[in-house]
Amino acid sequence: MLRARRAISGLQLNGEHPAAEDARERPLQVGSLPDRIRHRFPIFRNRIYINSCSQGALSDSVREAYERYLEDWDERGAPWDYWVEKSEDARRAFAGLVNAEPDEVAVTTSVSAGLSAIATGLRYARRSKIVTTDWEFPTVGQIWHAQELRGARVVHVEADADGTIPLERFEREIDDDTAIVSVTHVCYRNGARVDVKEVARIAHERGALVVLDAYQSAGSLPLDVRELDVDFLAAGVLKYLLGSAGLAFLYARREVVERVWPTATGWFADKNIFEMDHRDYSPAPTASRFQSGTPPIPAIYAGVAGIELMQEIGVADTRKHVNALNARLFEGVDELGAKVATPRRPKRRGALVCVRSTDAPELVRALGREGIVTSDRDSNLRISAHAYNSVDDVDELLAALQRHKKLLA
C-alpha cells in the first residue's frame, strides 16, 4: 500500500494527478518544486529518500554525466587537455555558486584535502592558537589537532545544552594569539547553524583568519563569500549539490592566498603544471596552490552536472521549500510527543532536522524496512529534505514514526 501511494503522490510528472492537486490544496503551501523535478530522481519510484545530509539522490543528469565521461574516454583515448578544461568548468561552476572569482577556487578531492593544504601552510610561531568548535566533522578536528605537532594549540568552543553556540563563547576564545578560526556552517549532528558573519567579524577584529566548512549548507542555503566575509570556504558536492563522492572545492579570498604556503601539495598546485619541474616548489599565486595531484575527472563530470542542476532548481527556492516541509515535520513530531534536537528558528538551522531516539540506528533500520531512507548521528534520527521531497514524504515519515514511537525519546 505504501509503495502504491508513493507511485501516485510522489512521482508527479505533469501536475495532473489528483493526489498532487490535493497536496496543493492543503493549508501548508510548499509550491510545485517537487512536481517539477522529482521525476529526475529515479529512487523515488520505490523509496522515500529524505537523507540528503548524507548524500543527495542520484539524478538523471549525473548518471548521464558519468556516461559522457566513459564515452569521452573511449572515443578520445587520453584527452588530458580536454579533461583539464573540465576541471576549469568545475572551478567556474562553484565560483558562480558562492559569488567568488574562478581564480579564488581550488578544485580538490575532499574537504580534508583542502583543509590540510591550509593547515600545513600556516606557521604557528607568531600566532599559535586555532579556535574551532565541538560541532565539527571529525576530519576538521583531526587536521587541526595534527598541527599540534608543529606548535599549534587547539581550543574548542563548546555548545550550550540547547545545542546552540552563543557568540559570547567565540568572543571569549578568539584573541590576539589566534591564527585561524575554523567553524562549520551547519552541524552534522544536530542541524544547528553558526552565525558566520558575526564569528568572522570577531575573528577579523583580532587579526585571525576564518575558514568555513559549508559541506552541510552548500546547495541547501544560498552562499555568498563576500557577504559572509570568510577567508576560506570548503564544500563538497556529495550532499545538497547532488554530485558524487570525490569532488570538493576550496574558496580562498584573493587577498590571503599568498599568506599561506602549503606543505601538503602536488602537481596541480604549481604555478605552471606543464613545466614539469621536480626540483622546485613554486605554488600558484591563485587558489590553485591549495590543489594537489591529478584531478578527480569522473567526479568532476558528475559534480558539474549536479551544480548545474541545483542552479536550475534554485538554491533560494529550495531553502523556502525545505523550510515549509520542516515546519510540517516539527508540528508532526510535537504531536508524537518526541523531542527535536535542532533549533526551531529557521535562521538557527540548516536543512537537517534531528529527532531524539532511544535507539537511533534501530530506528533508521526500521524506517528502511518500510522504504524510508534516513540516517543517524549522536543518538539522533537525521531527517534531511531537499527540493525533490514532497509534503507526502513528510506525512509518510511521520506515520512511520508513529508506528515506531517506542524508539523515539
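Lys-86 is placed over the face of Tyr-301, at 4.8 Å from the ring centre, and the charged end of Arg-76 sits over the ring of Tyr-82, 3.9 Å from its centre. A charge is taken to sit over a ring if NZ of Lys or CZ of Arg is within 6 Å of the ring centre and within 35 degrees of the ring normal. The model is predicted: local features need pLDDT of at least 70 and side-chain atom pairs count only at pLDDT 80 or more, whereas totals for chains, interfaces and linings use all residues. Residues are numbered from 1 along each chain as its sequence is written, and side-chain values use heavy atoms, with hydrogens and water left out.

Tyr-301 also belongs to an aromatic cluster with Tyr-69, Trp-73, Trp-80 and Trp-83. In the whole structure, 11 aromatic pairs are found (rings of Phe, Tyr and Trp, the last by its six-membered ring, with centres within 6.5 Å; planes under 30 degrees apart count as stacked, over 60 as edge-to-face and the rest as tilted). The ring centres of Phe-44 and Tyr-388 are 5.3 Å apart and the planes stand at 50°, so this pair is tilted. Phe-44 lies in the loop between helix H3 (33–37) and strand E1 (48–49), and Tyr-388 in the loop between strand E12 (380–384) and helix H14 (391–403), so the pair ties together parts that are 344 residues apart in sequence. Helices (H or I, at least four residues) and strands (E, at least two) are DSSP runs, numbered from the N terminus. Both Phe-44 and Tyr-388 are buried (under 20% relative accessible area; exposed is over 50% and partly exposed in between, with a 1.4 Å probe and protein chains only).

Phe-137 and Tyr-188 form an edge-to-face pair, with 5.0 Å centre to centre and 70° between the planes. This pair links distant parts of the chain, 51 residues apart: Phe-137 is in the loop between strand E3 (129–133) and helix H7 (138–146), and Tyr-188 in the loop between strand E5 (178–184) and helix H9 (196–205). Phe-137 is partly exposed, at a relative accessible area of 38%, while Tyr-188, at 12%, counts as buried.

The chain has 14 helices and 12 strands, and buried residues make up 57% of its 409 residues. Among contacts (heavy atoms within 4.5 Å) between residues at least 6 apart in sequence, 72% join residues at least 24 apart. The C-alpha trace spans about 65 × 60 × 35 Å along its principal axes.
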